[in-house]
Amino acid sequence: MKIEHVAIWVKDLEIMKEFYETYFNGKANSKYHNQAKGFESYFLAFESGARLEIMRKSGINQAAASEMIGWAHIAISLGSKEAVNEMTERLINDGYRHNNGPRLTGDGYYESVMEDPEGNLIELTV
């Protein structure tokens, strides 16, 4: 078994697409637009084969609480502690919110937690 993709509702499809392309080398497909349903989406494919679907739909505009039942974050492996440190610094310098780290967690992960443009948590890991 393999997870085919994960999806996230977003407010601004173009800003989110640009963020994941710029910082994580995502490659977006052509925008899908279903006018009858007021739905638009992009699939972003990453070098590892993982895919992220970013979606927007008329009427879906309420943000989730920061801690609630459901998905908590997306973890992106960057391959080394140095890469985690560099990406953390790059995102901070570009104005993105830094939650914690880089640090070694109690369960042995080296990680840093950042937010994407809409406040979704991204765990940068080795």
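**Salt bridges and a nonpolar surface patch**

Glu-4 has a relative accessibility of 42% and is therefore classed as partly exposed; here buried means under 20% relative accessible area, exposed means over 50%, and partly exposed lies in between (1.4 Å probe, protein chains only). The model is a predicted one, in which local features need pLDDT of at least 70 and side-chain atom pairs count only at pLDDT 80 or more, while totals for chains, interfaces and linings use all residues. Residues are numbered from 1 along each chain as its sequence is written, and side-chain values use heavy atoms, with hydrogens and water left out.

Glu-4 pairs with Arg-51 in a salt bridge, with 3.0 Å between the closest N and O atoms. This pair links distant parts of the chain, 47 residues apart: Glu-4 sits in the segment before S1, and Arg-51 belongs to strand S5 (residues 51-57). Helices (H or I, at least four residues) and strands (E, at least two) are DSSP runs, numbered from the N terminus. Arg-51 is partly exposed, at a relative accessible area of 28%.

A salt bridge is counted where a side-chain nitrogen of Lys or Arg lies within 4 Å of a carboxyl oxygen of Asp or Glu. Seven salt bridges are found by this rule. One of them joins the side chains of Glu-21 and Lys-17, at 3.5 Å from N to O. Glu-21 and Lys-17 are about one helical turn from each other, because they are four residues apart in helix H1 (residues 13-24). Glu-21 is partly exposed, with a relative accessible area of 26%, whereas Lys-17 is buried, at 16%.

Arg-97 and Glu-115 also form a salt bridge, their closest N and O atoms being 3.3 Å apart. Arg-97 lies in the loop between helix H2 (81-93) and strand S7 (98-104), and Glu-115 in strand S8 (residues 110-115), so the pair ties together parts that are 18 residues apart in sequence. Arg-97 counts as exposed at 55% relative accessibility, while Glu-115 is buried at 15%.

Turning to nonpolar side chains, Met-1, Ile-3 and Val-6 make a surface patch of about 400 Å². Patches consist of residues with over 30% relative accessible area and no salt bridge, like charges being joined within 9 Å and nonpolar side chains (Val, Leu, Ile, Met, Phe, Trp, Tyr) within 5 Å. Accessible areas come from the Shrake-Rupley method with a 1.4 Å probe, and for residues only the protein chains shown count as cover. Val-6 is placed in strand S1 (residues 6-9) and, at 34% relative accessibility, counts as partly exposed.
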